[in-house]
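This briefing goes through a few local features of one protein chain, grouped by topic. Please keep the sequence and the model at hand while reading.

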Amino acid sequence: MADTDAGPVRFKSNYAVSRKIDPFYKGGRIQISRDGQFMLCPCGNKVNVVDVGTGAVLHSLQPEEEEDVTAFVLSPDDEVLVAASRALLLRLWHWREPRCARAWRALHAAPVATMACDPTATLLATGGCDSTIKVWDMIKHYCTHNLKGSSGVVHLVEFHPDISRLQLFSSSMDYKIRIWDLNSSKCVAVLDGHFSAVTSLAFADGNTLLSSGRDKICMVWDLESRESKRTIPVYETVEAVVLLPDKGDFSQLGVKKQGLHFVTAGSKGVLQVWEAGTAGCVYSQPVPFVPQEEPSERSLCQCLAVPARGEVVTVSREHNVVFYELQSLRLRKQLAGYNEEVLDVKFLGPGDSHIVVATNSPQLKVFELATSHCQILYGHTETIMALDVFRKGLMFVTCAKDRSIRVWRMGKAGRVVCVAQGLGHAHGVGAIACSRMKESFVVTSSQDCTIKIWDIPESLTSKAKAASISSPETLHARVTERGHNKDINSVAVSPNDKLLATGSQDRLAKLWSCSDCSLLGVFSGHRRGIWCVQFSPVDQVLATSSADGTLKLWGLRDFSCLKTFEGHDASVLKIIFVSRGAQLLSSGSDGLLKLWTIKTNECVKTLDGHEDKIWGLHSNKQDDMVVTASSDSCITLWQDVTEIEEKEAQAKQEEQIMKEQELSNLLHEKRYLKALGLAISLDRPHTVLTVVKAILKEPEGRKHLEENIVRLRKDQKEAVLAFLVTWNTNSRNCHEAQAVMETLLRHEAPDTLLQFSGIKSAVESLLPYTERHFQRLGRLLQASMFIDFLWQNMRLGDTAPQDSSTL
């Protein structure tokens, strides 16, 4: 089945999960630790602790109840985290461990919407959907204030940074900012100026407050006079403001003089820097090219500064967390918090260093596996359905419901750009495949039941020319052919670029010539629609998978079915060849992966790694990693562990042989205690029995056995007890079992014996067999007594005639 030059085929037997890219953020306000190393993200009913460096979820703070987290806050000293859930409970977590230290009722009549800690981490304020604010003593855990007077949901609370003032600022659905004096528990001022929800508060100094709102303005307030000093129109719905530090070089952001400068984040999806004194915008991030897209899709919902890293972090409505350098607002890193339904995934890059992911959206995501840094590629205007990567791993193609295809190229530093696009299908494009030998053409299929072949111009394939392309080139279809009567779900190109195959909902797979798209043959045999077609990399064979739960192999010469693989209980959505064409890997709509050996028709392994349909399945060039993507929003990387498991099994076998040799030596040297310990560690009841028999054969064997059993550890005695239950079932070994049992009963107190694991089942098993052995011994004793009686009578009979003759 394989090339003879490349050596023998190494068959795979197992894959193990090496990494999972799970959703870690599903909306809400994130928090970042003071050192900038950890990010805490709400995700449904838990809060995930994420390593900013790697993007990996370290652990989750998840309460027992399944209620969603509505708000949480990290203490200023980074020691604890307090989270509120829909169950109206507050929980105090030591988030690094993670451990829940305490839980108490929030005393709100409705869920908590916002929380804040004072600078000393001794007071906690909670704003509820019941229009009340409660202040808690975090050390003694009791409610100190119950502030009433707000109207509607209290969605913003902030303590004044000067703790000596004991002031709390809040805002609710009446668009007013209230100042509460915690000494008197009264509202001492109301700052009225916004005409929509107030979204954030920032303190420039003890007497200056900056507020932002969804009314497209920011306001500077004098806290002494409690009047508005300036209103700054920002021409977008603002969700957050961040003050620029007084110290630092911000000349790249247009900051030329001292004064209050701040960064706004909102509906435009970009950061803007404003000078409060002149109410002017001094810097705005460039807007990426996004065709016909709703602005709300990219709008920002949160922005916060991380002074320790010299960064500012934004969170978008698409759940993307982006880190920018504070002095220049240049992108440093981007993490994707939530992927929605993942429809396709492929390895990318010369060394398979990246993966490209099509989610249920018009944007593509390219993940760098080492750092989890995510590039988001804009271009398509509707959901991307499928993608494929050329052999070298630098160029790839995508197709979408917007009836278009796009060609992308990865350049220096892993940056991906769109270099070409094509339009021509009458309906959404559902399947796409690249040429295998050279970057020469692309094949697409659509819901319009047609197949199109698109030639890739040479200007795109040469790096020098591709680098100079400023706007995407336009592709035109060379050939169009109506292929099936129903939707075409899959297309594949043969390894020599001469053939292409299609699979459709009409239950047929078809073979076509790549040169003119002429039909060469039809593969008929599946009972339901075909989801995937794949050419073997080494043989003239086509593999198909279907909604009927089967995989089939077909000969390309006579179009006959060579093999059928049955084992999936649901639709088989994707298949790939692995082990140089000797094995198949398939994914089903039930979330299962199956590994098949073609020669034996055997399912070698079933892997359960997803909870929903697995739409994406791809192997890397080294053939030692597989990536899968599913409707459960998870992307899983699987490592081939066949060689590792074989080595482990071999090492275990060698260790077993060494131990058996050592055991033989110990028995020969009559070192019974060590021999017993070794036999128990090998977990071999028969070997332990052999040692016991060897001890009993010795002079004073019972005494030696007693001495050795007594000196065993508790866990070893428990193991011996389990073994003797097995020995006791056989009459040949019952004497040894009873001898060991007698020793245990004589030397172990009843209370100690009751602590042994499995003692109850052991006694239940020992009693009936022991009674049977005693009954057998009783019968044997009776029989022996009868024989003795007969013998005595025979002796008497023999001696009587002798006596009479002598007389």
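A surface patch, as the word is used here, is made of residues with over 30% relative accessible area and no salt bridge, and nonpolar side chains are joined into one patch within 5 Å. The model is a predicted one, and its local features need a pLDDT of at least 70.

- Phe786, Phe789, Leu790, Trp791 and Met794 make up a nonpolar patch on the surface, and together they have about 560 Å² of accessible area.
- Leu790 counts as partly exposed because its relative accessibility is 38%, where partly exposed stands for values between the 20% limit for buried and the 50% limit for exposed.

- Helix α5 (residues 672–681) is largely enclosed by the rest of the structure, because seven of its 10 residues are buried.
- The buried residues of α5 are Tyr672, Ala675, Leu676, Gly677, Leu678, Ala679 and Ile680, and the elements that cover them include α4 (642–668), α6 (685–697), α7 (701–710) and α8 (714–727).
- Just after α5, the backbone at Asp683 takes a positive phi of about 60°.

**The loop between α8 and α9**

- Asn730 is placed in the loop that lies between α8 and α9 (734–747), and with a relative accessibility of 32% Asn730 counts as partly exposed.
- The C-alpha atoms of Asn730 and Ala197 are separated by 82 Å, and these two residues are 533 residues apart along the chain.

**The four-stranded sheet**

- Four strands form an open sheet in the order β47-β48-β49-β50, and their pairing is antiparallel.
- The edges of this sheet are taken by β47 (530–535) and β50 (561–566), each of which has a single partner strand, so one side of each is left without a neighbour in the sheet.
- On average, with direction ignored, neighbouring strands of the sheet are turned by 20° against each other.
- β47 and β48 (residues 541–546) run antiparallel and are joined by five bridges; within β48, Thr544 is the bridge partner of Val533.

- Asn320 is found in strand β28, which spans residues 320–325, and Asn320 counts as buried because its relative accessibility is 3%, with the limit for buried set at under 20%.
- When neighbours within four places in sequence are left aside, Asn320 is in contact with Thr314, Val315, Gln334, Leu335, Ala336, Gly337, Lys365 and Ile376.

Definitions and conventions. Residues are numbered from 1 along each chain as its sequence is written. This is a predicted model: local features need pLDDT of at least 70, side-chain atom pairs count only at pLDDT 80 or more; totals for chains, interfaces and linings use all residues. Side-chain values use heavy atoms; hydrogens and water are left out. Two strands pair if DSSP finds at least two bridges between them. Helices (H or I, at least four residues) and strands (E, at least two) are DSSP runs, numbered from the N terminus. Axes are lines fitted to C-alpha atoms, for helices over the stretch in contact, and angles run from 0 to 180 degrees between N-to-C directions. Buried means under 20% relative accessible area, exposed over 50%, partly exposed in between (1.4 Å probe, protein chains only). Contact means heavy atoms within 4.5 Å. Patches are made of residues with over 30% relative accessible area and no salt bridge: like charges are joined within 9 Å, nonpolar side chains (Val, Leu, Ile, Met, Phe, Trp, Tyr) within 5 Å. Accessible areas come from the Shrake-Rupley method with a 1.4 Å probe; for residues, only the protein chains shown count as cover. A salt bridge is a side-chain nitrogen of Lys or Arg within 4 Å of a carboxyl oxygen of Asp or Glu.
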